[in-house]
Amino acid sequence: MNRNVILIVVIVLALLGVGAYFLFGQRPGSQASAGSGTLCTNQPPAATGLTNEGITTLRIEDLREGSGPQAITSNTVRVQYIGRLVDGKQFDTSCQPGRTPFEFTLGTGQVIPGWDSGIVGMRVGGQRRLIIPASLAYGERSPSPDIPPNSALVFDVELLEIK
């Protein structure tokens, strides 16, 4: 009798564990829909105390470690992002309604050099802050009136998927 009760308890606990995994856990490499990442629903505060002159090298700060596969050069990745100037002013985001996550191939020059270097090593599900000097961003050639020439940039990035 005791053996049957123990067996039933173990089976019930195993089923509860499997159910919780599928209900709460995101499987590594699984596809996330636009806006489903926490970066868009719970935006980190802007970085403070930064100046263009004070940012001379790429700084990488992991805001949350991911648990999925790790991004390497030549991977195609999907990310959500928020781009700000050093004064905290937001100039671009993929989190706006109607926008979709941004997809690109690492290491091929499709993005600014600070992104090509700064996203390598991220794991799916992770969030990272990239503090990028102007030389690894747009330098003197700004693509937008919202980004002055020679601006250091701060990007909060969440890696949603590696394809």
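Reader: Is Arg-64 buried, exposed or partly exposed?
Author: Arg-64 is partly exposed, at 31% relative accessible area. Buried means under 20% relative accessible area, exposed over 50%, and partly exposed in between (1.4 Å probe, protein chains only). This is a predicted model, where local features need pLDDT of at least 70, side-chain atom pairs count only at pLDDT 80 or more, and totals for chains, interfaces and linings use all residues. Residues are numbered from 1 along each chain as its sequence is written, and side-chain values use heavy atoms, leaving out hydrogens and water.

Reader: Ok, and which residue forms a salt bridge with Arg-64?
Author: Glu-158, with the closest N and O atoms 2.9 Å apart. A salt bridge here is a side-chain nitrogen of Lys or Arg within 4 Å of a carboxyl oxygen of Asp or Glu. Glu-158 sits in strand S6 and Arg-64 in strand S1 (residues 59–64), so the pair ties together parts 94 residues apart in sequence. Strands (E, at least two residues) are DSSP runs, numbered from the N terminus.

Reader: Is Glu-158 buried or exposed?
Author: Buried, at 4% relative accessibility.

Reader: How many salt bridges are there?
Author: Seven by this rule. One of them joins Asp-156 and Arg-84 at 2.9 Å, N to O, and both of those residues are buried. Through shared partners, salt bridges connect Arg-84, Arg-129 and Asp-156 into one network.

Reader: Switching topic, what's Ile-119 in contact with?
Author: Beyond its neighbours within four places in sequence, Ile-119 has contacts (heavy atoms within 4.5 Å) that include Phe-104, Leu-130 and Val-157.

Conventions
Helix = DSSP H or I, 4+ residues; strand = E, 2+ residues; numbered from the N terminus.
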